[in-house]
Every structure is written in structure tokens, then in C-alpha cells.
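Please look over the sequence and structure first.

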Amino acid sequence: MSHGTPHSEPSDGGVLRRTVLRGSLLGGAAVAMPTLSGAAPAQARAGRPEARWGVQVGDVTASSGLVWVRSDRTARMVVETSATESFRDPRRWVGPVVGPGTDFTGRTALRGLPSGEQVHYRVTLHDPRDPRRSSRPVEGTFRTAPSGRRESLRFLWSGDLAGQGWGINPDRGGYTIFREMRSLNPDFFLHSGDTIYADSPLSATVELPDGSTWRNITVEEKAKVAETLAEFRGNFRYNLIDDHLRAFNAQVPIVAQWDDHEVLNNWYPGEILDDERYTEKNVSTLAARARRAFSEYFPVDTLPPGDEDGRVYRVVRHGPLLDVFVLDMRQYRNRNSPGTQPKDPQGILGERQLRWLKRELSRSQAVWKVIASDMPIGLVVPDGDTDVEAVAQGDPGAPLGRELQIAELLRHIKHRRITGTLWLTTDVHYTSAQHYSPERAGFKDFAPFWEFISGPMMAGGFPALKMDGTFGPTQPFVKAPTEANTPPEDGNQYFGQIDIDGDSGELTVRLRAEGGEVLFTRVLKPGRVGQLAG
């Protein structure tokens, strides 16, 4: 089903705007497959340190980036950067000694980088007791954000990676969607949450409806639901077994956020579980362990050790054309309920995060302001028979429950005349486009805007959800299966692409399916975000 016209790619395909990566980089990125045991590295081992989990860089701005690596033992992290692949005249950055306190992961902040330039980097791990023993360098590259408006940019988004029992399948080549996304050469990737499925164990085989068999690579930490810190860490390591993901990480910077499955399905703070799979019933305890593992395995500057407050929500500024406002709709929410209360100051964001978001949107000078939401705002996402998991609850009238907080935000955006906002999310395991307008809404005091959904990646597909009329959504495009948990082999694997033109400022959204098809396209003009016509 397609409600939009498939578009061919721009003639340059993003290649002419950036350095084309040669085999030397990909060879450095696709290092030897990590061991499958999941065991913590020994602190004293023969030979040299190794970085078998690859490298990645996160939250890249016009002058900075945060480089990540994992060692197989205690080691000093050292990063070198250069404008060339030959690493002529490299700049050296001495990072931390990584050890068991962070599961042997480490991050090094790169500051004072040139804007709008391709940066080549390599990470070397050094034995702190014997400087003669060092690892083979592992290489990566990224492009810093432009400082001038006339430079175009591209980014992708998706989420929901390897859930519902579907993992790394060697028969289909693993996470091939990352190979496809890497070929588009984006400036960065927005991972919209469910970066792991800590509550979704993997079995070695799954029988498919047609009688064939899906095979999973399995590890000890994926044999049961994650409860201990070691098990959460093992879930993050599992994804890094995949060659395509490690090659993608080495070329494409990440902006990471979390949702529920980093902990467990539909969780909220203070929840006490009634689930026989868990011996630890306090969800806040599980969430603290999951957040620590998340902060160890993704380069996020506002998480420890960079920021002791441990915030996932933040602004990533990507030059004059774009600010990305990364939300956390999980850590500060109230308990899931029917969502019909007439007052709800805590809502889904918490009061502090809402104040922050209103303040930062008001300050933003970017042409486009992407609100990276880990959940949709106008779709009714159920939690059991009576409660709702997201914002909407199905009553099309005036805002109630968590809708009150979103209404306050939308009112602020309108009255402060903040232009260029659009919402991106994943969560629901299908792809769609929603246009919101006060002309159709139960709540009228806001300006029209768009919300785009794309995902999952190597996870089950699910049917489309009902829309809630409070903010007046219409859905010009949706593509979803009719049955729950359809396997990745059936399709229903999606990601989104955003291109912003440096000359006109126009923003083009493409909703894409794995395999290359563009399902839906919409072109938005700066200052006229709520337009319905393409």
C-alpha cells in the first residue's frame, strides 16, 4: 500500500557531498567478530588489547564528537584524528583507562574540530602496564555539522532493533538493513529507542508459518530476560556481533535515545512486576541497571561520566539548518493508566523536562527543529485492557491525562511563533505519516504540524493503531501488517530519511522499506511546516 509517489534519489546520492569511503575504512571497521560467550574480559591477559566491538561516534556537532570503544581487557584509550585517510599530521587525544567499572567501554570527547569537514579517526588501546603492547588501530570517520546554512545535510531514523524473538540470522546475512542505510551515506542516524530488547530472550531457532526455520545467533545473556547489570550489558554487546552494524557505526554518527525495551515492555518508574520470569520485581532497580548499561554502550554526552544527572534528553545542534531535541518519555512519566484525569502535571515528560523543552525550543535559531520522540503522540498505544502506554487514550475531545502536557507544549510553540517543528518516532513497528491540524481537533490552540513514524529493524511487524482526534490527526500514509509479530522475512522493516536542502531550506521526508523502495515522500517548506500538500 502506498499513498505517496516513489521518488528516485538525488543525482549525487549524497556521495559528492562527502568523502567516499574506501575499503581501508571498512576493513578497519569490520574487525574480527566478537566472541559469543559474553563473558567479561580478563583483566590480565597475554598478547595485545583488542577492540573487537568496533568504534562509534555520537552527538556530533559543528566542532565536537564523542568517540566510543570497547576493549577486551583493561587498557588506555587513545584517539587520533586527521583530515585524510592516510592520517598525515594526526591530532592525538588521550582518553581514559577502560576497565571493569564500565564493562571495558570508554569514550573520548573530541573538541575544537573544523566545521563541515570529514574527520577520520582511529582508536588504539594500550596496555597501561606495558606501553609496547597496543592494539591494532580501529578506524572510523564522520562529518562535522556545517557552520553555514548553504550546506545540505541528510540523516536517517528508525528503531526497535531485534525484538520479539528475532535476532541476528546468519542465513539472511544478519542486520542487512544497516548495510542499506550506510549506502545512503547519511550525516547521522537517529536511533529512536528500543536499541535492545532486554525482555525478549532468543532461542536458536524459530519455526515460521510456512514451515521453514529462522535461525538466531545466541549468547548466554539472551537466554532469559535481563535483570542483572551483566545481563543488560550482554544485550548491548549482542547487537555488536553483527558485521553490518559495526561497519555502520564506523561510518555514521549516532544520536541515541531509549524507550521501554531497554528495560522491559511498557515500564514506568515505581512499577512492581507480577511476572514470573523476573526475580527482581522492582522496575526502578532494573531501570537503573539498564540506564547504566545504555550509558556505557552509547556515546551520549549527557549521561555519566559526562553528566552525573544521567539525562537522555538533550539538544544535538547540527548547524544552522537543524536542531534535534531528543526526548525521554520513559524515565519521568507517571504510571500507566486509562489517561482520563483532568489534571496531570507530571505527564509523560515530567515537569522539569517540559520546562527544558519549552526553553530550548524558544532559544533555537535552527531552520528545522526535529522533536525526536520515543513514542507517538496521536496514536492510541494500549497497555493491557484498560491502560494506555503513550499519550493518547482514544477520547477525541479536550486533552486529558498525558495529552494535557503535550497541549501545553503545542500551545507554547504556537504563541512563541516557533517555526520548523516536526516530530519523528518509531515504537509501533510500522511506518506512517500523521498530519495534525486544529481544524480537525478537539483542542484548537496550536499550529499544524507533522509526525512521521518508521521502524522496526529486524523485529516483528505489528498492525496499525487507532488515532485519537484530540490534536486532529489525519493519516495520508500508513503501511503495516494485518497480523501481530510478522517475521522480518515478510518485510515490514522500515527506516526514514530526511534531506534538508542548503539553498532553499526545504526538508524532504522519505519513508523507506528495507530493500530500497521509497514508500512515501513529503516536501516541507521552511516556515510553512503544517502544509498538507506536497
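The text below goes from the chain as a whole to one pair of helices.

The model is predicted. Its average pLDDT over the chain is 91, and 89% of the residues reach a score of at least 70. Residues 1–32 have a pLDDT that stays under 50. Where pLDDT is low, the predicted coordinates should not be read in detail. For this stretch, residues 1–32, the model has 77 contacts beyond four places in sequence.

The chain contains seven helices and 24 strands. It has 534 residues, of which 62% count as buried. Among contacts in the chain with a separation of 6 or more, 73% come from residues 24 or more positions apart.

The axes of helix α2 and helix α4 come within 8 Å of each other and cross at roughly 25°. Because angles under 35 degrees count as roughly parallel, α2 is roughly parallel to α4. The crossing of the two helices, α2 and α4, is left-handed.

The table lists the residues that make the contact.

| Helix | Residue range | Residues in the contact |
|---|---|---|
| α2 | residues 176–183 | Thr176, Phe178, Arg179, Met181, Arg182 |
| α4 | residues 243–251 | His244, Leu245, Ala247, Phe248, Gln251 |

By residue type, the contact of α2 with α4 consists of five nonpolar, three polar and two charged residues.

Key:
Residues are numbered from 1 along each chain as its sequence is written. This is a predicted model: local features need pLDDT of at least 70, side-chain atom pairs count only at pLDDT 80 or more; totals for chains, interfaces and linings use all residues. Side-chain values use heavy atoms; hydrogens and water are left out. Axes are lines fitted to C-alpha atoms, for helices over the stretch in contact, and angles run from 0 to 180 degrees between N-to-C directions. Helices (H or I, at least four residues) and strands (E, at least two) are DSSP runs, numbered from the N terminus. Angles under 35 degrees count as roughly parallel, over 145 as roughly antiparallel, 65 to 115 as roughly perpendicular and the rest as oblique. A crossing is left-handed if the near helix is turned anticlockwise from the far one by less than a right angle, and right-handed if clockwise. Contact means heavy atoms within 4.5 Å. Ala, Val, Leu, Ile, Met, Phe, Trp, Tyr, Cys and Pro count as nonpolar, Asp, Glu, Lys and Arg as charged, and the others, Gly among them, as polar. pLDDT is the predictor's confidence in each residue, from 0 to 100. Buried means under 20% relative accessible area, exposed over 50%, partly exposed in between (1.4 Å probe, protein chains only).
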